[in-house]
Amino acid sequence: MSAQTLDTPTGAPTKVLAPIAWKYPIVYSVLALIALIFFGIIGRAGETTFRIASSGDFFAIPDLVIPSKVAGLVLSLVLVAMAAVAVWFAVGRRHLDSWFPMTFGVVFVLAFLAWAGGGSGGVIPMTTLLAGALALSVPLIFGAMCGLIGERSGIINIAIEGQLLAGAFLAAVVASVVKNPYAGLIAAPIAGALVAVVLTFFAVKYWVNQIIIGVVLNVLVVGLTSFLYSTVLTENPELWNARQKLPNLPIPLLSDIPILGRVLFDQNILVYIMYVVVIALQIFVFRSKWGLRMRAVGEHPKAADTVGIKVNYTRVRNTIMAGAIAGLGGAFFTIGSGLAFGKEMSAGQGYIALAAMILGKWNPKGALFAALLFGFSKSLGNTLQSIGTPVPNELLLMLPYIVTILAVAGFVGRVRPPAAEGVPYVKS
């Protein structure tokens with residue numbers, strides 16, 4: 001229980017309770033009420049089929065067929081109970097652990113899927129839905145890790161969008177010319193790093209406003225890649241822009257596990273690199289000398305300088321490394337997905353990656369879950385379009401961006417970025 005101790009005029013201490021935080025209980029209550037009315041009381045007749053297993057799994061799991069309206073009502077009542085728990089904890093001025101909103105979100109999504117699949121007897125392919133969510137999250141995760149390293153070092157990196165696009169472009173071109181997608185995998189981080197070099201050159205050497213230079217770099221990369229696409233790539237696509245795809249590398253035994261096997265362990269090398277990057281950053285940012293110096297430079301560069309840390313060198317080095325990570329994320333648009341390069345194919349993913357980083361509170365693990373949330377929302381929209389639901393297609397296309405706005409505005413709360421981010425360091 002949060003409280004402050006004050007002295008009264010008589011000298012006796014008294015406790016003043018902190019105000020009740022109603023924000024999250026209200027959000028939970030509104031969502032539970034929406035679910036109860038639309039998914040439960042109104043509901044949709046018919047049955048919804050959840051397809052859990054797929055061919056090739058260790059063992060067969062039968063489809064789960066449930067009555068849509070009953071399932072929606074039961075799950076909605078669970079949400080109402082959870083909202084009541086949130087109110088109870090708020091009144092008691094107690095804090096709910098992170099598992100609570102995650103569980104609430106999962107139950108809400110299941111209630112929505114039960115409702116969406118009703119009426120027409122829709123089949124929800126869970127493995128496809130989750131595999132699509134992971135695939136759509138890969139560029140976001142790489143981009144969020146890029147922004148995290150930059151901002152932890154004190155450099156605001158709005159240019160993630162441009163770094164993703166540059167990585168996608170160079171990966172496609174090099175892979176097409178060499179006829180080998182792994183060559184594109186090597187080229188992609190170079191493209192992202194080159195954009196980061198320009199960013200750090202103006203931000204560190206000339207103290208240009210980092211937000212402005214980031215936006216300018218995004219426009220520059222979009223214009224340059226669009227020009228080269230129109231004048232070079234389209235003239236001879238077989239040479240410069242032929243499709244090259246990284247092959248899947250299923251991990252024996254693990255890839256045969258139902259649902260999670262195909263989702264996590266039957267992927268190409270770029271996804272496995274993503275696993276390594278996230279795990280490594282989660283460890284090194286908080287448990288290594290490199291991470292300690294990076295955080296010191298981002299929080300209090302003058303203090304870091306006094307103990308011998310080269311502030312601007314650290315910022316430049318880390319931001320260029322972060323740009324290389326973003327370049328890898330861009331490679332997923334082309335060689336990771338087996339697609340040719342297209343104009344502006346990053347489609348704002350760099351900005352959503354920034355939102356994921358903020359929602360994750362500059363923590364690799366938090367940014368990972370936030371990026372997965374955004375990827376899942378887009379995959380959910382694609383899945384619902386394929387099975388046919390009463391939700392308008394326009395709303396389904398807007399779903400990822402709606403989730404982004406609601407998540408950052410409604411759930412991120414008050415967060416404190418690194419204290420010295422965006423502030424040039426001038427050695428006195």
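Visitor: Which helix is T383 in?
Guide: First, a heads-up: this is a predicted model, where local features need pLDDT of at least 70, side-chain atom pairs count only at pLDDT 80 or more, and totals for chains, interfaces and linings use all residues. Residues are numbered from 1 along each chain as its sequence is written, and side-chain values use heavy atoms, with hydrogens and water left out. Helices are DSSP runs of H or I with at least four residues, strands are E runs of at least two, and both are numbered from the N terminus. On that count, T383 has its place in helix α15.

Visitor: Is T383 buried or exposed?
Guide: Buried means under 20% relative accessible area and exposed means over 50%, with partly exposed in between (1.4 Å probe, protein chains only). T383 comes out at 8% relative accessibility, so T383 is buried.

Visitor: Which residues does T383 touch, leaving out those up to four places away in sequence?
Guide: Contact means heavy atoms within 4.5 Å. By that rule, T383 touches P125 and L129.

Visitor: How far apart in space are T383 and V123, C-alpha to C-alpha?
Guide: In sequence, 260 residues separate T383 and V123. In space, C-alpha to C-alpha, the figure is 9.8 Å.

Visitor: How many cavities of 30 Å³ or more does a search of the whole structure find?
Guide: A cavity is a set of points, on a 1 Å grid over the protein atoms alone, where a 1.4 Å probe fits but cannot get out; lining residues have an atom within 4 Å of a point. Points are joined across faces, edges and corners, and volume is the space filled by probe spheres set on them. The largest cavity holds about 40 Å³ of space. The number of cavities of 30 Å³ or more is 1.

Visitor: Which element gives the largest share of that cavity's lining?
Guide: The lining residues are L136, L140, Q349, I352, F374, G375, K378 and P400. Elements giving two or more of them are α4 (126-152), α14 (349-359) and α15 (364-387). The largest share, 3 residues, comes from α15.

Visitor: How many residues are in the largest nonpolar core?
Guide: A nonpolar core is a set of buried Ala, Val, Leu, Ile, Met, Phe, Trp, Tyr and Cys residues joined through side-chain atoms within 4.5 Å. F374 is among those with the most contacts inside the largest one, and F374 also lines the largest cavity. That core's residue count is 68.

Technical notes: On a 1 Å grid over the protein atoms alone, a cavity is a set of points where a 1.4 Å probe fits but cannot get out, and a pocket is an open set with protein on both sides within 12 Å along at least five of seven lines; lining residues have an atom within 4 Å of a point.
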